[in-house]
Amino acid sequence: MSRRDELAANLAAVQARITNPDVTLIVVTKTYPVSDVQILKELGVSEFGENRNEEGLEKSSAVDATWHYQGEIQSRKLRDIAQWADVIHSLDTASHITKLDSVATSSIDIFLQLSLDGDPSRGGVIESELPVLADAVLASSHLNLKGLMCVPPVALEPRTAFTEIAAIHRRFIGAFPAAQSLSAGMSGDYEIAIDCGATHIRVGSSILGSRTAR
């Protein structure tokens, strides 16, 4: 089977399991070559996600698409990320919002990263800290508040976690009605996430295969 046939079959299998036609599928291409991104673009994929700035720069320059950055944010790399990312899923610090706005030259959609357990090693902020970040995005010139992103703690049962995330998102929309989007769910749990209200899912290995270190 050719790589194109393999990707086409995997993509079709994932798309068949997306029960809500309004859900945005982001194909996460970290560690995979530009050639895979080009094939997926030819197969109709228009949204790609990267966790590393360097890969995002390389691939976005080769493939015209909507590019999502969802990795850990380092202040010194924000200028570079702003060059290629159309959407950022992992903002969780007010100073990063301020800096990103100052270095951005075009509009960037923003998901604020929610943490269910408050573990600082995993990124994100707890619910009570979201409004300050949201206000900072709304006060900016180049950033659009899109919604929330969350990666649940491994110890939490997925449906329990996504139900809680969705409830927090509903409360957040009450205060910030423009933030209608919820980025939640990856290869192992995206169907549950969609069932609980996710609008954006980030899928890599189910489409591209087992990931190897680059």
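This is a predicted model: local features need pLDDT of at least 70, side-chain atom pairs count only at pLDDT 80 or more; totals for chains, interfaces and linings use all residues.
Trainee: Which residues have the most contacts inside the largest nonpolar core?

Mentor: They are Ile-88 and Leu-112, and the core itself has 62 residues. Helix α7, residues 158–175, gives the most to this core, with 5 residues.

Trainee: Why might nonpolar side chains be found together?

Mentor: As a general matter, nonpolar side chains in soluble globular proteins tend to be buried together.

Trainee: What does Ile-88 touch, not counting residues up to four places away in sequence?

Mentor: Ile-88 touches Tyr-69, Ile-73, Ile-81, Leu-100, Ile-108, Asp-109, Ile-110 and Phe-111.

Trainee: Turning to rings, how many aromatic pairs are there in the whole structure?

Mentor: A search of the whole structure finds 3 aromatic pairs. In one of them, the ring centres of Tyr-69 and Trp-84 lie 6.0 Å apart and the planes stand at 80°, so this pair is edge-to-face.

Trainee: Where in the chain do Tyr-69 and Trp-84 sit?

Mentor: Tyr-69 belongs to strand β3 (residues 66–69) and Trp-84 to helix α4 (residues 78–84). They are 15 residues apart, and the pair links distant parts of the chain.

Trainee: Is Tyr-69 buried or exposed? And what about Trp-84, buried or exposed?

Mentor: Tyr-69 counts as buried because its relative accessibility is 4%, under the 20% cut-off. Trp-84 is buried as well, with a relative accessible area of 5%.

Trainee: How are the rings of Phe-172 and Phe-176 arranged?

Mentor: Phe-172 and Phe-176 form a tilted aromatic pair, with 4.9 Å from centre to centre and 35° between the planes. Phe-172 counts as buried at 5% relative accessibility, and Phe-176 counts as buried at 9%.

Trainee: A change of topic: at what angle do helix α1 and helix α2 pack?

Mentor: Helix α1 (residues 3–16) and helix α2 (residues 34–42) pack at about 55°, and their axes are 10 Å apart. The two helices are therefore oblique to each other. The crossing of α1 past α2 is right-handed.

Trainee: Which residues of α1 and α2 meet there?

Mentor: On the α1 side they are Arg-3, Arg-4, Leu-7 and Leu-11. These meet Asp-36, Ile-39, Leu-40 and Glu-42 in α2.

Trainee: One more helix, please: which residues of α5 are buried?

Mentor: In α5, the buried residues are His-96, Ile-97, Leu-100, Asp-101 and Val-103. They pack against α4, β4 (87–91), β5 (108–114), α6 (130–138) and β6 (143–150).

Trainee: What is Val-103 in contact with, leaving aside its neighbours within four places in sequence?

Mentor: Val-103 is in contact with Leu-78, Arg-79 and Ala-82. The C-alpha atoms of Val-103 and Leu-78 are separated by 7.5 Å, although these two residues are 25 residues apart along the chain. Val-103 is placed in helix α5 (residues 94–103), and its relative accessible area is 9%.

Terms used: Residues are numbered from 1 along each chain as its sequence is written. Side-chain values use heavy atoms; hydrogens and water are left out. A nonpolar core is a set of buried Ala, Val, Leu, Ile, Met, Phe, Trp, Tyr and Cys residues joined through side-chain atoms within 4.5 Å. Buried means under 20% relative accessible area, exposed over 50%, partly exposed in between (1.4 Å probe, protein chains only). Helices (H or I, at least four residues) and strands (E, at least two) are DSSP runs, numbered from the N terminus. Contact means heavy atoms within 4.5 Å. Rings of Phe, Tyr and Trp (its six-membered ring) pair if their centres lie within 6.5 Å; planes under 30 degrees apart count as stacked, over 60 as edge-to-face and the rest as tilted. Axes are lines fitted to C-alpha atoms, for helices over the stretch in contact, and angles run from 0 to 180 degrees between N-to-C directions. Angles under 35 degrees count as roughly parallel, over 145 as roughly antiparallel, 65 to 115 as roughly perpendicular and the rest as oblique. A crossing is left-handed if the near helix is turned anticlockwise from the far one by less than a right angle, and right-handed if clockwise.
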